Amino acid sequence: MPLEKIEKSKLIKKFGLHVTDTGSAEIQVALLTTRINGLIKHFRLHKKDHHSRRGLLQMVGRRKRLLTYLERESPERYSGLVKKLKLRK
């Protein structure tokens, strides 16, 4: 489920560290979280879609690695991001 350009640009503006920031860990986690939430809604209707479920698990793993990196490098940015995205950590 790719994100629309408008939704993606809103997330980049909201979570970016500065004006030209497009790839910081915060933005990547926010984009992954949005895609994960969309796939979770998809799986409520299509319970037997195992191929997409594998992609979901890969995204969850990537998000977990990014969050671990962010927690190690900058705990205050990590805690702020977890609160904004309402993640369980």
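From the N terminus on, the elements of the protein chain run α-α-α-α. The count is 4 helices and 0 strands. Both are DSSP runs, numbered from the N terminus: helices are H or I with at least four residues, and strands are E with at least two. The model is predicted, so local features need pLDDT of at least 70 and side-chain atom pairs count only at pLDDT 80 or more, whereas totals for chains, interfaces and linings use all residues. Residues are numbered from 1 along each chain as its sequence is written, and side-chain values use heavy atoms, with hydrogens and water left out.

The C-alpha atoms of the protein chain fill a box of roughly 40 × 30 × 20 Å along the principal axes. The accessible surface is about 6700 Å². Carbon and sulfur atoms hold 55% of that surface. Such areas come from the Shrake-Rupley method with a 1.4 Å probe; for residues, only the protein chains shown count as cover. Of the 89 residues, 33% count as buried. Buried means under 20% relative accessible area, exposed means over 50%, and partly exposed lies in between (1.4 Å probe, protein chains only).

Charge was examined next. The protein chain has 23 positive and 8 negative side chains. Lys and Arg count as positive, Asp and Glu as negative; His and the chain ends are not counted. The centres of the two sets lie 7 Å apart. Each charge is placed at NZ of Lys, CZ of Arg, CG of Asp or CD of Glu.

Helix α2 has 21 residues, which should span 30 Å at 1.5 Å a residue. Its end C-alpha atoms are 31 Å apart, which agrees. The expected span is 1.5 Å times one less than the number of residues. The buried residues of α2 include V29, L32, I36, L39 and F43. Their cover includes α1, α3 and α4. Helix α3 covers residues 50-73 and has 24 residues. From first C-alpha to last, α3 reaches 35 Å, close to the 34 Å expected. L56, M59, R63, L66, L67 and L70 are buried in α3. An α-helix has 3.6 residues a turn, so residues three or four places apart point the same way. Cover for the buried residues of α3 includes α2 (25-45) and α4 (75-85).

The largest nonpolar core has 21 residues. Such a core is a set of buried Ala, Val, Leu, Ile, Met, Phe, Trp, Tyr and Cys residues joined through side-chain atoms within 4.5 Å. F15, V29, L67, L81 and L85 have the most contacts inside this core. Helices α1 (5-15), α2, α3 and α4 each supply at least two of its residues. The most come from α2, with 9 residues. Leaving aside neighbours within four places in sequence, L81 is in contact (heavy atoms within 4.5 Å) with F15, E26, V29, L67 and L70. Among contacts between residues at least 6 apart in sequence, 49% join residues at least 24 apart.

L87 is found in the segment after α4. At 18% relative accessibility, L87 counts as buried. Not counting residues up to four places away, L87 touches T33, R63, L67 and V82. L87 and T33 are 54 residues apart in sequence and 9.0 Å apart in space, C-alpha to C-alpha. K86 also lies in the segment after α4. K86 is exposed, with a relative accessible area of 73%. K86 has a positive phi of about 55° although it is not a glycine.
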